[in-house]
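Let's take a friendly walk through a protein model, going from open space to strands and then to single residues. Keep the structure in view as you read.

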Amino acid sequence: MDKLKADVRTVESCSLVNQFSTRQGLELSVSLPEYFGDIVKVLRCSVTPVAVSVVCQSGQITAEGYHVVRMVYVAENGGVYAYETSEQFSKHLDVSDCDGCNVVDFIWAEGCSCRAVSPRRFDVRAVVQFHFKCYGTVSRELLDTAEGGGIQLQEATIQMENVKNVLAKKITLNETNELPAGKPDANRILSVSASAALTETKAISGKLMLKGEVTQKILYISEGSGTPETAKLTLPFSEIADVNGLTDAMEHRVQLRLVHSDVVMKPLQSGSMRIAESTVHLQAEIFCGSEAACRIVSDAFSTDYDVKTASVAVESVLVSRQIAENVMTTGDFSLAELAPDSILDHECRVESMKTIVQGDTALVQGSVVFGLLFQSNAGGLGYVERNLDFTWSKELSGIAGELRLEPYVSVFASSVSLNGQQAAVQAELFVEGKLTAVQPLTAISQVELLEDHAKARDETGMIIYFAEQGENVWDIAKKYNTSPALLAADNRLSGDTIAEKQTLLISCV
């Protein structure tokens, strides 16, 4: 009896094992230090979660860090103050199938509100969103060869995405700069906004070099005149990330996220407040891997015996595109009810983003929030927020596979101009990520001959079969228990399908 000889190979990749989301309410009651003025009017407040460490072990994700709470207000003496404090957090989330996974975290606050309950105390409420993605190594056994027992294998070469590693690299910058020449000395800082961009990534011997810069915009009260001023600081950075399995030739993709930015003013030796000590927290989400041709066995049968197979699911990459595009969005807001005289500062952030796949088109829809700090015609200060919707789309025409997109949208630049009682706003958004079309397939991982079920020989030596155009040669051969190669040779067929309606002669093996 002809025994079967089969070989398998192991394909490993780092895949998304699971993802978890949870929400948690944050309520704080904060008292001002004695050296801060009494609260008359709250202008704005914010809560920024900063994760210091995220670990996945023993069936639990543990995230530890702190919430940065900042409140800008008008004091009883007419001055504008910004008070900042922090609150420690430790979040535990029970998970499954994720022990030892690399965890990429996304933590943000939404719906932040602030209310002064007395001249010396204010309450803050917000909802903190925790979202974790767990990446782990997934191994698949794929049939490589099988010989004997009249075995027939249907093979196909597909493109497979082999992601070797996914990890999050936390970057902390501590830089000291002097205010730009021509800018007045600072009395106190009201707010700090920032943007971050990568300028270069390079793989070297298992390490990934990341270079870029952070631009900070500072709104502060100047010394002497007490008028609001703005200044920009540039912070270049260079970091090294250790990536297991990374080779110099391997493809890599990095998404950079700005988590938190702050500035503290210190005096020069002369006493002038011109030294800015900046602290910036960044997170780089790193994907390393490649797309390579992979040979799979998609079907198997024997002309001599019944066959038992085991299969696994694989995905063929039909098309893959890196996304790195700018999106412009503009709008006009009426501020007539607020009677603004000038815009002192603004902030812009992305909110309510969602991804929609419709047929062969991927859409990213959401809104950007403009926060405007303004001085009114009556001389007072005010703060107001307005939303502006945006849409980005990308079409992959003629692709029958399943579209997948995990985008990250950041604010690259924004501007506000005041024309009378109308505010014209503009935001330049940066959309990045990877758009992939995949086709789910089945691959044979194991094959076994059921030798107790030998197939009876058909006494007929030849069968006449009337084939229709488009029929598959493999399906016909399997149906009549013959070799696809013999069927093609006997009928002078080329290709895997029947080109036109014809009569076939099928030899019984």
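## A pocket and its surroundings

The second largest pocket has a volume of about 390 Å³. Its lining is made up of 15 residues, and those closest to the pocket centre are Phe36, Arg70, Ala82, Arg188 and Ile189. At least two lining residues come from each of strand 4, strand 8 (186–204) and strand 11 (251–267). How can such a space be found at all? Rolling a probe the size of a water molecule over the atoms shows where empty space is left. Please keep in mind that this is a predicted model.

Now look for an open sheet of three strands, arranged in the order 2-3-4 with antiparallel pairing. Which strands stand at its edges? They are strand 2 (39–57) and strand 4 (80–94); each has a single partner strand, so one side of each is left without a neighbour in the sheet. On average, neighbouring strands of this sheet are turned by 15° against each other, direction ignored. Strands of a sheet pair through backbone hydrogen bonds, either parallel or antiparallel.

Strand 2 is joined to strand 3 (residues 60–75) by 16 bridges, and the two run antiparallel. One example to find on screen is Arg44, whose bridge partner in strand 3 is Val72.

Another antiparallel pair is formed by strand 15 (residues 361–376) and strand 16 (residues 381–395), with 15 bridges. Here Phe370 stands opposite Arg386 in strand 16. Strands 15 and 16 form a hairpin with four residues between them, and in the turn Gly379 has a positive phi of about 100°.

Start with Asp345, which sits in strand 14 (residues 340–358). Is Asp345 buried or exposed? Its relative accessibility is 6%, so Asp345 counts as buried. Not counting residues up to four places away in sequence, Asp345 touches Arg44, Ser191, Lys217, Leu219, Gly371, Leu372 and Leu373.

Next comes Lys41, found in strand 2. With 41% relative accessibility, Lys41 counts as partly exposed, because that class lies between the 20% and 50% cut-offs. Lys41 and Leu381 are 340 residues apart in sequence, but their C-alpha atoms are 9.0 Å apart in space. What does the side chain of Lys41 reach? It comes to 2.9 Å from the backbone oxygen of Leu381. Leaving aside neighbours within four places in sequence, Lys41 is in contact with Tyr73, Val74, Leu381 and Gly382.

The last stop is Gln19 in strand 1 (residues 5–31). Gln19 has 38% relative accessibility and therefore counts as partly exposed. Between Gln19 and Val95 there are 76 residues of separation in sequence, with a C-alpha to C-alpha distance of 9.1 Å. Beyond its neighbours within four places in sequence, Gln19 is in contact with His131, Phe132 and Lys133.

| Side chain | Partner side chain | Polar contact |
|---|---|---|
| Gln19 | His131 | 3.1 Å |

How values were computed:
Residues numbered from 1 in each chain as written. Predicted model: local features only at pLDDT ≥ 70, side-chain atom pairs only at ≥ 80, totals over all residues. Heavy atoms only, no water. Buried < 20%, exposed > 50% of the residue type's maximum accessible area, 1.4 Å probe, protein only. Contact = heavy atoms within 4.5 Å. Pairing = 2+ DSSP bridges. Axes fitted to C-alpha atoms, helices over the stretch in contact; angles between N-to-C directions. 1 Å grid on protein atoms, 1.4 Å probe; cavity = no way out; pocket = protein on both sides within 12 Å on 5 of 7 lines; lining within 4 Å. Points joined across faces, edges and corners; volume = space filled by probe spheres on them. Polar contact = N/O pair within 3.5 Å; in protein donor to acceptor, adjacent residues only side chain to side chain.
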